[in-house]
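This briefing walks through selected features of the structure shown below, grouped by topic. Please read it with the sequence and the model side by side.

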Protein chains: 2
Amino acid sequence: MKVIGIRVKPRHERFDLFKVMVDSIRACNEHVEDDDIIVVSSKFAAMSQGRVIDMNSVVPAKDAYAISSMHNMDAKMAELVLREADHIFSGVPGFLLTVKDGMLAPNAGIDRSNVMHGLSILYPVDAFRVADMLRDKFLIHEGRRVGIVIADSRLMPTRIGTSGVALAVSGFEPVKDRRGSKDLFGNVMRVTLHAIADCIASAANLVMGETDESTPVAIVRGLSVRMDQRSYDWSDLAIEYEQCIYVRGLSMHGSKLVR
Amino acid sequence: MKVIGIRVKPRHERFDLFKVMVDSIRACNEHVEDDDIIVVSSKFAAMSQGRVIDMNSVVPAKDAYAISSMHNMDAKMAELVLREADHIFSGVPGFLLTVKDGMLAPNAGIDRSNVMHGLSILYPVDAFRVADMLRDKFLIHEGRRVGIVIADSRLMPTRIGTSGVALAVSGFEPVKDRRGSKDLFGNVMRVTLHAIADCIASAANLVMGETDESTPVAIVRGLSVRMDQRSYDWSDLAIEYEQCIYVRGLSMHGSKLVR
């Protein structure tokens, strides 16, 4: 497997995501092959949609101020999280732990890094449709059947530092059942399902991580995945948080079971 | 960046981990270069130590039976988890959510897959010292300065399927501070620290995942990491669970903050 980072000129306004990706791949003297998985950072996809917010324009409502003082966080950020999150569990200083598009994410994935001071980047709108669009355009304009991953980086429980997670995919099966035992649930699932798309996001993260602004695209080549033409959505990558062993196990905690 | 999977003949008894890795790399017509990161599955490392338990030999104590009926899980597995876990939060059917060596892990990382029926594999003993030993041996016997990752796969919150996590490392800086802002804590940490070792584990997972028994080793080449000779331990990769935003956020849940 090869992972090739693609440098891209930093951008600050809405732009044509596909065109910039293709032009940048050419400018790096790289090319696209059939069955390549092309990874693009969610932040870059969001920027192409103009999903950048000037924090000065955000007016916090009363509940945002309440949360802000409760969790020692910026009231404007609290306001944005309230607007963006599908569910908020609770908070720690500076952060609200939320669910957004089926993902457990601090602050609904809103990020203030790698943008000009005073701006925040939200998640891209309809990330799965963006991935489908990119896949279609690579087929139509480049004649290549590729897979797409829109990748974010995320803090994992108890770990130091972020690793990759797939916000959206298109063109390939994102979770591989290693034993063909699709009917099993619960404990069996943990060991038989392999989060290919999340692992791809982490692999790409290693070449994209250096300077987030300038290497937002990576090509993953030589990986054996099952290509397809389905339209995926978040429920193909994530489960409802009520079903999650971490959420359930931690919510019920207090009953210390150690000897 | 290149990731090369190394096939290894399945083993069932204690063996010399370094020798098997080197021999297998040669048998695959591959080689090791300076600055390569060599990934080995934690399960394979555990097998080399004979950390395989015959479930028939496990005699559950009273508290294991209690947990077993409370969480609808095998009493012998409950007994093993009680022995291995550093902390147990709670359980869901079939699983106990635990902390083991600083990592949040279902069932203390004990795994019954990819071993003969009736056996379970525990985590390797002193995984960081195993990593140091491998690094030293690659230097002494092969004349190569390499990094080592002992990798496990782990279910992430709300995700479907497992991705990679570094159980132990040696020879390189496992977490990269992307801004040189080592003095910052809290919300800043989330966006500035990059879990290189975990991402490497996930990248390797993509070539190792196919058949866990036969590809337990991978070589990651061409990655720019900071090589070193420190002895790391789990606190270089993980934080105390009491500090974790997920653990804290979820434990305090109940206060629904959505509008």
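Two strands are taken to pair if DSSP finds at least two bridges between them. The model is a predicted one, and a search of the whole of it finds 32 salt bridges and six aromatic pairs over all chains.

**Sheets and strand pairing**

- Strand S5 (residues 95–100) of chain A is joined to S6(A) by four bridges, and the two run antiparallel.
- These strands belong to an open sheet of three strands in chain A, which has the order S4-S5-S6 and antiparallel pairing.
- Strand S4 (87–92) and strand S6 (103–106) of chain A stand at the edges of this sheet, and because each has a single partner strand, one side of each is left without a neighbour in the sheet.
- Neighbouring strands of this sheet are turned against each other by 20 degrees on average, with direction ignored.
- In chain B, strand S8 (residues 147–155) and S9(B) run antiparallel and are joined by eight bridges, with B:Ala151 standing opposite B:Ala166 in S9(B).
- The hairpin of S8(B) and S9(B) has six residues between the strands, and B:Thr158 takes a positive phi near 65 degrees there.
- Strand S9 (residues 162–170) of chain B is mostly covered, since nine of its nine residues are buried.

- A:Asp36 is found in the loop between helix H1 (17–27) and strand S2 (37–41) of chain A.
- With a relative accessible area of 1%, A:Asp36 falls under the 20% limit and therefore counts as buried.
- The side chain of A:Asp36 makes a polar contact of 2.8 Å with the side chain of A:Arg221, and a network of salt bridges links A:Asp36 and A:Arg221 with A:Glu33.
- Leaving aside residues up to four places away in sequence, A:Asp36 touches several residues, among them A:His31, A:Arg145, A:Val146 and A:Ile219.

- In chain A, A:Asp132 forms a salt bridge with A:Arg129, the closest N and O atoms being 2.9 Å apart.
- Both A:Asp132 and A:Arg129 lie in helix H5 (residues 127–142) of chain A, three residues or about one turn of the helix apart.
- A:Asp132 is buried, with a relative accessible area of 8%, whereas A:Arg129 is partly exposed at 39%.
- In chain B, B:Arg129 forms a salt bridge with B:Asp132, where the closest N and O atoms are 2.9 Å apart.
- Because B:Arg129 and B:Asp132 are three residues apart in helix H5 (residues 127–142) of chain B, about one helical turn separates them.
- B:Arg129 counts as partly exposed at 40% relative accessibility, while B:Asp132 counts as buried at 7%.

**Links between the two chains**

- A:Arg159 forms a salt bridge with B:Asp198, and the closest N and O atoms of this pair are 2.8 Å apart.
- A:Arg159 lies in the loop between strand S8 (147–155) and strand S9 (162–170) of chain A, and B:Asp198 lies in helix H7 (residues 196–208) of chain B, so the pair joins two chains.
- A:Arg159 and B:Asp198 are both buried.
- A:Ser202, found in helix H7 (residues 196–208) of chain A, is buried, with a relative accessible area of 2%.
- The side chain of A:Ser202 reaches the backbone nitrogen of A:Gly164 at 2.9 Å.
- Not counting residues up to four places away in sequence, A:Ser202 touches A:Ser163 and A:Gly164 as well as B:Cys199 and B:Ser202.

**Aromatic pairs**

- The rings of A:Phe15 and A:Phe44 have their centres 4.8 Å apart and their planes at 45 degrees, so this pair is tilted.
- The pair links distant parts of the chain, with A:Phe15 in the loop between strand S1 (2–6) and H1 of chain A and A:Phe44 in helix H2 (residues 42–48) of chain A, 29 residues apart.
- Both A:Phe15 and A:Phe44 are buried.
- B:Phe15 and B:Phe44 also form a tilted aromatic pair, at 4.8 Å centre to centre and with 45 degrees between the planes.
- Both B:Phe15 and B:Phe44 are buried.

Terms used. Residues are numbered from 1 along each chain as its sequence is written. Chains are lettered from A and ligands numbered from 1 in the order in which they are written. This is a predicted model: local features need pLDDT of at least 70, side-chain atom pairs count only at pLDDT 80 or more; totals for chains, interfaces and linings use all residues. Side-chain values use heavy atoms; hydrogens and water are left out. Buried means under 20% relative accessible area, exposed over 50%, partly exposed in between (1.4 Å probe, protein chains only). A polar contact is a pair of N or O atoms within 3.5 Å; within protein, one must be able to donate a hydrogen and the other to accept it, and residues adjacent in sequence count only if both atoms are side-chain atoms. Contact means heavy atoms within 4.5 Å. A salt bridge is a side-chain nitrogen of Lys or Arg within 4 Å of a carboxyl oxygen of Asp or Glu. Axes are lines fitted to C-alpha atoms, for helices over the stretch in contact, and angles run from 0 to 180 degrees between N-to-C directions. Rings of Phe, Tyr and Trp (its six-membered ring) pair if their centres lie within 6.5 Å; planes under 30 degrees apart count as stacked, over 60 as edge-to-face and the rest as tilted.
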